[in-house]
Amino acid sequence: MKRPPRSTRRAIAAAVAGLLTVGVAATAVDAVEDWNYNDLGPDTWAESFPECGGAEQSPINIDAEAVDAALAQLKAEKRGAKKVGGISVDYDKSATVEVFNNTHTVQVDIPAGAGSFTIGENTYDLLQFHFHAPSEHAVDGVLHPLEMHLVHANADGELAVLGIFMEEGRANKVLAPIWADLPDVDDTRRIEVDDFRLSKLAPKKPTAVSYMGSLTTPPCSESVSWFVLDQDQQMSEEQIDDFEEIFSGEEFPEGNRRPVQPLNDREISVTGKN
Ligand SMILES: [Zn+2]
């Protein structure tokens, strides 16, 4: 796994908080805020949301060397024609999506049935995606400017989240229609974006670091299957700035990011295609 550049600009100043409001028709502004990223920040969440103090929390720090070793092993297994239950992404070519600011992040809701994610025999539907700046997962202790979370749920309500790091580079054309009108924290609009190129959001056959974790926002529910992709995407400096601008300042002193949590007894593995 490639380490992010040390120069990861202003990583700490920025921010996107990822809210995993699953299946909730969230209004952009809640009447009562019982958590946030400043005075009721991550250090205090466990007081109101006991699960946030659990032993299998997200995000985590990823050890790049351990991932490289696991990748080498995965390749060797493939050469041996040994089939392991892999992962695959199947998103529609395009969809009409809804963008809104839930006061913790910019979230994009996906129409039912437009995207699915498969782990072995188990299929999960894409519900929404959102962003954190700087990234929530770290690689050897280093953060990326942004991290996108694609949230999926299966028929039993179990969650699987794909995390994709954004590095600074070329403008991200797929996300550009969303970035064209990014709603501010106090903006209550739900903005419809037609013909959004959903299938371009993630590779169909990704390779990912996987582990069992949690939602990274209250209630921090556990038993979430995490897949942090080995393949970064790019965004322009301007796109990164546009997002950081919304999730910075007094309300977001460290961005909308939860710090990394102890790994404890968990195993990190590398998962590839079927
Ligand atoms: Zn998130």
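This is a predicted model: local features need pLDDT of at least 70, side-chain atom pairs count only at pLDDT 80 or more; totals for chains, interfaces and linings use all residues.
I take helices (H or I, at least four residues) and strands (E, at least two) as DSSP runs, numbered from the N terminus. Residues are numbered from 1 along each chain as its sequence is written, and side-chain values use heavy atoms, without hydrogens and water.

**Positive phi**

I started with threonine 103, in the loop between β3 (95-101) and β4 (106-109). Its phi is near 80°, positive although the residue is not glycine. Threonine 103 has 12% relative accessible area and is buried (under 20%; exposed is over 50%, partly exposed in between; 1.4 Å probe, protein chains only).

Next came cysteine 220, in the loop between β11 and β12. Its phi is near 60°, again positive in a residue other than glycine. Cysteine 220 is buried, at 0% relative accessibility.

**Cis peptides**

I looked up proline 219, also in the loop between β11 and β12 (222-229). A cis bond links proline 218 to proline 219, with omega about 10°. The bond from serine 58 to proline 59 is cis too, with omega near 0°. Proline 59 sits in the loop between α1 (45-48) and β1 (61-62).

**Zinc site**

I then listed the protein donors of the zinc ion: His130 (NE2), His132 (NE2) and His149 (ND1), at 2.0 to 2.1 Å. Donors are N, O and S atoms within 2.8 Å of the metal (3.2 Å for Na, K and Ca); water is not among the atoms, so the site may look incomplete. The sequence spacing is H-x1-H-x16-H. Histidine 130 is buried at 0%, and histidine 132 is buried at 0%.
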